[in-house]
Amino acid sequence: MQVTIYCLLFCSFCFIIPQQVSAAIIINEVMANALDEDTGEFIELYNTGDEPVDVVGFTFTDGDATDIIQPFQKDGKGIIPPKGYGVILDSEYAGQYQIPDTAILLTTKNTTLGDGLTNNDPITLFDKAGKPIDTYSHPFNPGYGISVER
């Protein structure tokens with residue numbers, strides 16, 4: 001827990017207000033122009049914090065459509081460990097990438113991420129309360145079949 005100390009300039013006392021430090025999930029990598037648009041798009045999330053974060057129920061948008069994050073496998077989990085990764089895959093993902101076993105596999109209820117990811121659409125990630133927690137925009141067009149990391 002982080003403690004913030006506030007001192008009043010006109011008074012002779014200080015008071016302490018504890019603040020909960022939460023883990024921060026960021027969009028770390030995006031494959032928008034996959035060689036196979038039906039199965040190859042992905043969004044990689046990274047937990048920069050010191051606590052695990054359950055991202056099931058988080059949402060994201062590409063400006064055209066909004067998707068709800070869920071586990072990739074029916075009995076899977078959506079908890080990204082501290083300093084760990086989660087990968088949001090197309091629900092029709094065909095196994096074309098070498099994803100480390102430690103990565104948490106996620107998906108959406110739709111067969112596309114957003115309305116089909118493009119290099120022109122910024123992606124915004126929202127927590128379960130609907131609060132925006134990160135936005136990602138492609139800094140350049142990497143070409144087809146190449147993802148862009150933050």
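Two strands pair if DSSP finds at least two bridges between them. I also noted that the model is predicted.

Entry one, the hairpin. I looked at strand 12 and strand 13, which have 5 residues between them. Glycine 130 takes a positive phi there, near 85 degrees. The two strands pair in the antiparallel sense over 4 bridges. Leucine 125 has aspartate 134 in strand 13 as its bridge partner.

I found 4 strands in an open sheet, ordered 7-6-12-13, with antiparallel pairing. Strand 7 (66-68) and strand 13 (132-136) each have a single partner strand, so one side of each lacks a neighbour in the sheet. Neighbouring strands here are turned by 20 degrees against each other on average, direction ignored.

Entry three, strand 6. I checked residues 59-61, which pair with strand 7 over 3 bridges. Phenylalanine 60 has aspartate 67 as its bridge partner in strand 7. Another 3 bridges join strand 6 to strand 12.

Entry four, strand 12. Are its faces covered or uncovered? I found both covered: Ile123 and Leu125 are buried on one side, Thr124 and Phe126 on the other. In a regular strand, side chains alternate between the two faces of the sheet.

I found 6 strands in an open sheet, ordered 8-11-10-4-3-14, with mixed pairing. Strand 8 (70-71) and strand 14 (148-149) stand at the edges.

Terms used: Residues are numbered from 1 along each chain as its sequence is written. This is a predicted model: local features need pLDDT of at least 70, side-chain atom pairs count only at pLDDT 80 or more; totals for chains, interfaces and linings use all residues. Side-chain values use heavy atoms; hydrogens and water are left out. Axes are lines fitted to C-alpha atoms, for helices over the stretch in contact, and angles run from 0 to 180 degrees between N-to-C directions. Buried means under 20% relative accessible area, exposed over 50%, partly exposed in between (1.4 Å probe, protein chains only).
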